[in-house]
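Grab a pencil and work through these exercises one at a time. Try each task yourself before you read its solution.

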Amino acid sequence: MMTETLKDNVLENEWHPVCIASKLNGAPLSVTILGERVAVFRAASGGVYALRDLCVHRGAMLSKGRVEGDNLVCPYHGWKYDGSGACVCIPAQGKSDTIPLRARAENYPCMEKYGLVWVCIGEPSARLPDFEEFENPDYRPLVCGPYTVHAAGTRVIENFTDFAHLMFVHGGLLGHPDYAEVPDFKVYKEQDRVYTSEVPIFQPVAHSGSEAEEGTTYVYVKEVFRPLAGRLSKRDAATGETLWILLTVLPVTEKECTAYMAVSRNYGFDVPDEQFIRFQDTVFEQDAWIIETQKPELLPLDLQQELNHKADVLSVAYRRWLIELGVRIGMA
Ligand code: FES
Ligand code: CO
C-alpha cells in the first residue's frame, strides 16, 4: 500500500488506538497512522514503544524485525534500537567503535490504557478519553475489534452518534422498525465534548407474536469527546443493568480506518466474554457496510448539504465541533 503522511494539525496530535494491548507480545507490529508507518513493540520488561517504522541506516521497516530484550532489531543489518529510538548496537562495527549520535529512530509517545495501546505521532495535545467504567471493579471490561473499515473515521463516529438507525440496521438486535420513533432529546456542548440527554429506546421481544408490548426500554446517553472517539451508556430502565462502550477509531488514511470498542458492563458476569464480543462484531458488521457505501465519502463541511432531521442533532453537533476544531482529514 502506498501511503503518504496526511497533514492534519488536529488529528496528528491526538492519541490513536493501534492494537489490543494483550495481543502485543513478541513480534513487533506495523501500523499506519494518518499515512505514517509506525512500528509498535512491547519490550521484555513490559513497556510499550512506538518508533517511526523506518531504519535510519537504509530505510528498512523496523516492524519486520524482531524484539530482543528491550530492543527492536532491524531485519536488514541488525541495528538495535531501544524504546527511546536510540541505536544501541551496530553489529557490523567493532565493540569499541562508538555509535553515531544520529543513529536514532524517531520515537512517538505510546501508552497502554483501557486494554488498548495508544500512539500519538505529534505532540499529544489532549488527554485520552475518560472511561472510568473500564477500570471500575464493579464492571467487567473487555475489548472488541479491530474492525477494518474502508471509510473515513469521521463517518464511523458519526454513525455512532446516530439513534434512528438502530431499529433498521440493527433491527431485532437493538430495536425494531415498528418502534422507530426517536423521542425528542437535547444535545449539550461543553468545551471538549458534545453529548445527549437520556434517550429511551424500546426494544420488543424478538418473536413474541402477541399484541402486548413485551420488551425492554433501554436508556441511552451518547457523547463524542475526541474527534475520533465517542462513548455511550445503555441502561436497562427496569434493572439498571448498564453497558458502556468507548468507540475509538484509528485514521489509517483518509478513507480507511480501524475501529476498536472498549466495553464495560455491570451485569452478565456469567456470560462468556466471547459471546459479548460476537454480538458487538455482528452489530459492527451491520454498520460497516452502510458506512462503506455512503456518499460523499468524507463528511460534508457544509452542514446544509444533507438533510438534517431532529433525530440527527448529535450528528450535526459533532460535524460542527469538527469544523470548529479544524479537523481536515475525513472532511470535505
Ligand atoms: Fe536497518 Fe541497515 S537498514 S540496519
Ligand atoms: Co449501528
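**Exercise 1.** What is the order of the strands in the open sheet of 3 strands, and is the pairing parallel or antiparallel?

*Solution.* A word on the ground rules: this is a predicted model, where local features need pLDDT of at least 70, side-chain atom pairs count only at pLDDT 80 or more, and totals for chains, interfaces and linings use all residues. Residues are numbered from 1 along each chain as its sequence is written, while chains are lettered from A and ligands numbered from 1 in the order in which they are written.

Step 1: read off the order, which is β1-β11-β10, with antiparallel pairing. (Strands are DSSP runs of E, at least two residues, and helices are runs of H or I, at least four, numbered from the N terminus; two strands pair if DSSP finds at least two bridges between them.)

Step 2: find the edges. They are β1 and β10 (110-113), each pairing on one side only.

Step 3: check one pair. β1 and β11 (residues 116-119) run antiparallel and are joined by 4 bridges; C19, for instance, has V117 in β11 as its bridge partner.

**Exercise 2.** Work out how domain 1 and domain 2 touch, and which strand gives the most to the side of domain 1.

*Solution.* Step 1: get the bounds. The domain assignment (automatic or from a database) puts domain 1 at 11-119 and domain 2 at 132-325. Their centres, taken over C-alpha atoms, are 34 Å apart.

Step 1: look at the contacts (C-beta atoms, placed from the backbone, within 7 Å). Here 13 residues of domain 1 meet 14 residues of domain 2. On the domain 1 side, β1 (16-20) and β2 (29-33) are the elements that give two or more residues, and β1 gives the most, with 4.

**Exercise 3.** Find what the UniProt record says about residues 15-119, and describe that span.

*Solution.* Step 1: the unreviewed UniProt entry annotates these residues as "domain: Rieske"; such annotations may be inferred rather than shown by experiment.

Step 1: the span is 0% helix and 41% strand, and its end C-alpha atoms lie 5 Å apart.

Conventions:
Contact = placed C-beta atoms within 7 Å.
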